[in-house]
Every structure is written in C-alpha cells, then in structure tokens.
Amino acid sequence: DLAPATYGLCLAFLDSDTPLWLAPRFDTPLIRANLAFHCGCPIVAEREIALFALLDESELSDLSDFDNGSER
C-alpha cells in the first residue's frame, strides 16, 4: 500500500503519457489497479523506458538503468 502523500504525487505527476516503473515492493494488483484508474499511466517492466519510478530503499543504490533525461 502507498502512503497518501505518495498517491498525491502520483496524481500530480502521472498521466497516460508517463510510463511508470514499480519497484517489486509496490508492484501489487491493488497498486496497479489504483494507478491505472486514477492516473491512467502505463506501467512498464523496463527501467530504461520509464519516465517516473516508484522506488523503495533497496532500489536506490543503482539508478543507472533509468533514463537520465536531457538538458532540455
């Protein structure tokens, strides 16, 4: 289950154009269903194509696979 503040951030930042990667801890049927209903964001299995990620502390040590964005 996500904290209310985390759901609030998801509502603010996620939409149908924002691929989301979920850490295994957050990749549950309930969280997927809530995010799909409220945000409409695609949930992706590949870190490389995610524009947003929900991480737990075990995922913070290696962020190299995520898109670093651009100068723009």
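Mentor: We shall take the helix crossing, then a glutamate, then the cysteines.
This is a predicted model, in which local features need pLDDT of at least 70, side-chain atom pairs count only at pLDDT 80 or more, and totals for chains, interfaces and linings use all residues. Residues are numbered from 1 along each chain as its sequence is written, and side-chain values use heavy atoms, with hydrogens and water left out.

Trainee: Why is helix 1 called oblique to helix 2?

Mentor: The axes of helix 1 (residues 4-13) and helix 2 (residues 29-38) come within 10 Å and cross at roughly 40 degrees. Helix 1 is therefore oblique to helix 2, since angles under 35 degrees count as roughly parallel, over 145 as roughly antiparallel, 65 to 115 as roughly perpendicular and the rest as oblique.

Trainee: Which residues of helix 1 and helix 2 meet?

Mentor: Tyr7, Cys10 and Leu11 in helix 1 meet Ile31, Asn34, Leu35 and His38 in helix 2, where contact means heavy atoms within 4.5 Å.

Trainee: What makes glutamate 59 buried?

Mentor: Its relative accessible area is 14%; buried means under 20%, exposed over 50%, and partly exposed in between, with a 1.4 Å probe and protein chains only. Glutamate 59 therefore counts as buried. Beyond its neighbours within four places in sequence, glutamate 59 is in contact with Trp21, Ala23, Pro24 and Arg47.

Technical notes. Axes are lines fitted to C-alpha atoms, for helices over the stretch in contact, and angles run from 0 to 180 degrees between N-to-C directions. Helices (H or I, at least four residues) and strands (E, at least two) are DSSP runs, numbered from the N terminus.
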